[in-house]
Amino acid sequence: MMDLAFLGTATFWKYASMPFISAIIGYITNRVAIWMMFHPIEFVGVWKPFLGWQGIVPRKAAKMSAIATDTITENLIDSEEIFSRLDPDEVAEKLTGPLNEMTADLVNEVMQEHHPSVWARTPDAVRATIVARVQSAVPGAIADTVRDLRSDVNQVFDLKDMVVTNLVHHKELMNRIFLETGKEEFKFIARSGAYFGFPLGALQMVVWIFFQPWWLLPLFGMIVGWFTNWAALKMIFNPKKKYRVGPFELHGLFFKRQADVARAYGDLVANEVLAPANILQQVLKGPYSDRIFAIIAHHVGEAVDESAGPVGSFMSWTVGDVNYIRLKQTAVERLIQYTPDAQGSASPTMQEFISYTNRTMAIEQTLVERMRDLSPRKFEGMLRPAFEEDEWILIAVGAGLGLAVGVFQFMVLFGGG
């Protein structure tokens, strides 16, 4: 046991620095542990998965996305409901403009591909008539397609596949959902390292005055790194329901912010994952695209035949009935290819349609309202999967970093003798 008379000025400041260093250790280890949860997005190292690292969330993107998908599809959004909000005639009105803009090019491209010699001999007046008749058939074909789509949307649209595909293929988007939804919780985890680290450092200082084995500072560093992560996680998700103990209100930080989290999550998911442009792409080019192709081909072909009149007879006679059917099928294929990619730019008229679907489907508003009403257990599932299964890794990383910093602290303060 040491004589307290040893405390000279330099030694005093070494001891006095311990709580502050412990607070810094807690803060840094927690910040690094959070970073390691999400980065790097792809594995970096020499021997996967042992020698190297990949962020926990990106590494488990498939499982995380499946959990997020279950939450969205089982509790927040129903495919039939959001498609039922679309009015077939209004959709036809909004899409007629952009589709008519491309009709002339579409007809010309299809005819050039299948029957270039016939098309070259076709008089300009007949070409113009064909284009005009196809344009006149567009609104009815669109409205009929939307009616079929609304009557059994699950036959042509797989919401789960869309969400999982988006999140697995765009791991940075998965990171953003967790980081933006739980940004206040992650800030708290980092700050809590300092909050808990300081009193633990004060305890470390008192113990060190009377008991000075070389391993004490590394041990306390490890304890600080472990305890601060463990305690922060407990305070974020517990208690799930609000309790009052005297003047104090006890409530898990994540649950206390349910309304704010709902707004952040609704905005991000509605605009990045369930955006109407993405839904359109999923319908036209997703796993059920053959079914939607059959529906479109049926209604477009029917409408073109009904409006073609003598022009249709002329084309059928000129290119043959079988080729005429193939020509119509190719036209539908090209029509689908003409739709803008979900990430691509759209014409002003197509932008008007996208604005209409955003407003009418009201996906963001629906997500926010229903998230606010989720039970604590279901609401916890929005963020907890990022921690729960590999929670021990986050805590172990904090402990390991704390141990390393504790060794460094001992060498700097007392390594000289």
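Contact means heavy atoms within 4.5 Å. By that criterion, and leaving aside residues up to four places away in sequence, I363 touches I77, I82, A270, L274 and I279. This is a predicted model, in which local features need pLDDT of at least 70 and side-chain atom pairs count only at pLDDT 80 or more, while totals for chains, interfaces and linings use all residues. Residues are numbered from 1 along each chain as its sequence is written, and side-chain values use heavy atoms, with hydrogens and water left out.

Buried denotes under 20% relative accessible area, exposed over 50%, and partly exposed in between, with a 1.4 Å probe and protein chains only.

**Packing of α3 and α8**

The axes of helix α3 (residues 61–76) and helix α8 (residues 159–169) come within 9 Å and cross at roughly 145°. Axes are lines fitted to C-alpha atoms, for helices over the stretch in contact, and angles run from 0 to 180 degrees between N-to-C directions.

On the α3 side, the contributors include A61, S65, T69 and I72, and on the α8 side they include L159, V163 and L167. The residues of this contact divide into 10 nonpolar, 3 polar and 3 charged; Ala, Val, Leu, Ile, Met, Phe, Trp, Tyr, Cys and Pro count as nonpolar, Asp, Glu, Lys and Arg as charged, and the others, Gly among them, as polar.

**Backbone exceptions**

Most residues other than glycine have a negative phi, and most peptide bonds are trans. A362, although not a glycine, has a positive phi of about 50°. A362 is placed in the loop between α17 (348–361) and α18 (363–372) and is buried, with a relative accessible area of 17%.

The peptide bond from H39 to P40 is cis, with omega near -10°. P40 belongs to the loop between α1 (9–38) and β1 (44–47).

N175, in helix α9 (residues 171–181), is buried at a relative accessible area of 4%. Residues up to four places away in sequence not being counted, N175 touches F38, H39, I41, V57 and P58. A polar atom of the N175 side chain lies 2.8 Å from the backbone oxygen of F38.

Terms used. Helix = DSSP H or I, 4+ residues; strand = E, 2+ residues; numbered from the N terminus. Polar contact = N/O pair within 3.5 Å; in protein donor to acceptor, adjacent residues only side chain to side chain.
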